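Thank you all for making the time this morning.

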Amino acid sequence: MRSVRTWILISFLAVGLFVAQVALASIPNVELVSLLFILISLFLPLTATLLVSFIFTILQMMIWGMGDWVLGYFWIWPVWVFIIYAFKPLNKSHVERWAVLSGLWGFLFGALFALHHGVLYGFNTMIAYYIQGISFDIIHAVSNYIITSLAFTPLSVVVCKLASKYQGEKYESHDKNR
Amino acid sequence: MNKQWIKLVSVLVLGIALFLGTQYLLRPQGIEGDKNITIIIEDDTIGQTLNVNTNALTLGELFEELHQTQKLTITFSGSKTDPFGRGLQGINTVITENMSAGPKWWGWTSENNTKCVQDGYCLGVDYQTLEDGNIFVFSFKGFE
């Protein structure tokens, strides 16, 4: 059973992701959400991060409305969360490794969405959707790489400070919390 | 300039080159020359059928022609450089109030355009190429 405090933290993190998403919504496929999921994963357990992703998607649905993409968000963002946790022991706090992984996620995100469309509308739609979106997957991958390279270190310092305050103990490194 | 910045700028330049390259390779490649296109507008107030001869490569270009020749009054949203091109916001007096929230939007289908049949749906006006003899049906609908 999670404490009320934990639920509030999860809700606030989901709102933070949502605000970050809306702030950059006008720039196609440039987003902070992938990086923020990495940072959240540094101090939250897997189940809590998955809850953040579900609440984030519900917020998206409440604001932008229900669409086939919402169903996609419900499973594609959790896939990213699983990938992050799988690579956490390997990447530790290496900025370059997270940046490369985040860049590769930019490509995978488009491929998974194409797969999602394939399940809903058929194989031809999947291929058409994927080909149509390749150029935007490139933007997603490059922007993820650059954003993670530039913002991972300063943001992780802030996240660690906030996590220390929240948990009432000093965070010495990201690895300690794995 | 330190090593990290050189790396980031290189990735950015490579990304821009790849983006422009794929955009060029995947650009709508319409068929040049004269084509006969039928536009069927299904609507209680402005419903009509138009048969037009055009050299337009895409549905967007055809609508520009129809707008200039005053056969239809077309309202677009966004611009050609948007990720999915312009949106068809209005035909004559039937206009979507808000392209994000609707409540109704213009949609189109074609049972004889190769791309529409192959994909199972038609593309946005600036990506939808035209073939001689194509029939497009337009209707103004919300989510049902």
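I will take the two chains in turn, then the contact between them, and finish with a few individual residues.

Please keep in mind throughout that what you see is a predicted model, and that every value I quote is computed from it.

Let me begin with chain A, which has six helices and zero strands, so that its elements, read from the N terminus on, run α-α-α-α-α-α. The radius of gyration of chain A is 16 Å, close to the 16 Å that the globule rule gives for 178 residues, and chain A is therefore as compact as a globular protein of that length. Its C-alpha atoms fill a box of roughly 55 × 35 × 30 Å along the principal axes. Of the 178 residues in chain A, 37% count as buried, and among the contacts that join residues at least 6 apart in sequence, 70% are between residues at least 24 apart.

Helix 4, residues 68–91 of chain A, packs against helix 5, residues 95–121 of chain A, at an angle of about 150°, with the two axes 10 Å apart. Because an angle over 145 degrees counts as roughly antiparallel, that is the description that applies to helix 4 and helix 5 of chain A, and their crossing is right-handed. On the helix 4 side the residues in contact include A:I76, A:V79, A:W80, A:I83 and A:F87, while helix 5 contributes, among others, A:W98, A:L101, A:W105, A:F109 and A:F113. Taken by class, the residues of this contact divide into 12 nonpolar, three polar and two charged.

The loop between helix 4 and helix 5 of chain A holds A:K92, a residue that has a positive phi of about 45° although it is not a glycine. Is A:K92 buried, exposed or partly exposed? With 14 other C-beta atoms within 10 Å, A:K92 is partly exposed. A:N29 lies in the loop between helix 1 (4–23) and helix 2 (33–41) of chain A, and, with 20 other C-beta atoms within 10 Å, A:N29 is buried.

Turning to chain B, we have three helices and seven strands, in the order α-β-β-α-β-β-β-β-α-β along the sequence. The radius of gyration of chain B is 19 Å, well over the 15 Å that the globule rule gives for 144 residues, so chain B is more spread out than a compact globule. The C-alpha atoms of chain B fill a box of roughly 65 × 35 × 30 Å, again along the principal axes. Of the 144 residues of chain B, 19% count as buried, and residues 24 or more positions apart account for 54% of the contacts with a separation of 6 or more.

How do the chains meet? The contact takes 16 residues from chain A and 13 residues from chain B. Which element supplies the largest share of the side of chain A that touches chain B? That is helix 6 of chain A, residues 123–167, with 13 residues. By class, the side of chain A that touches chain B has 11 nonpolar, five polar and no charged residues.

Finally, two loop residues of chain B. B:N92 sits in the loop between strand 4 (87–91) and strand 5 (94–95) of chain B, and is partly exposed, with 14 other C-beta atoms within 10 Å. Leaving aside residues up to four places away in sequence, B:N92 touches B:I46, B:L72 and B:T73. The C-alpha atoms of B:N92 and B:W5, which are 87 residues apart along the chain, are separated by 52 Å.

B:G133, for its part, lies in the loop between helix 3 (114–119) and strand 7 (135–141) of chain B, and counts as exposed, with 11 C-beta neighbours inside 10 Å. The C-alpha atoms of B:G133 and B:N36 are separated by 5.2 Å, although these residues are 97 apart along the chain. Apart from residues up to four places away in sequence, B:G133 touches B:N36 and B:N112.

That is where I will stop, and I am happy to take questions.

Technical notes
Residues are numbered from 1 along each chain as its sequence is written. Chains are lettered from A and ligands numbered from 1 in the order in which they are written. This is a predicted model: local features need pLDDT of at least 70, side-chain atom pairs count only at pLDDT 80 or more; totals for chains, interfaces and linings use all residues. Two residues are in contact if their C-beta atoms, placed from the backbone, lie within 7 Å. Helices (H or I, at least four residues) and strands (E, at least two) are DSSP runs, numbered from the N terminus. Ala, Val, Leu, Ile, Met, Phe, Trp, Tyr, Cys and Pro count as nonpolar, Asp, Glu, Lys and Arg as charged, and the others, Gly among them, as polar. The radius of gyration is taken over C-alpha atoms; the globule rule is 2.2 Å times the number of residues to the power 0.38. A residue is buried if 20 or more other C-beta atoms lie within 10 Å of its own, exposed if 12 or fewer, and partly exposed in between; C-beta atoms are placed from the backbone. Axes are lines fitted to C-alpha atoms, for helices over the stretch in contact, and angles run from 0 to 180 degrees between N-to-C directions. Angles under 35 degrees count as roughly parallel, over 145 as roughly antiparallel, 65 to 115 as roughly perpendicular and the rest as oblique. A crossing is left-handed if the near helix is turned anticlockwise from the far one by less than a right angle, and right-handed if clockwise.
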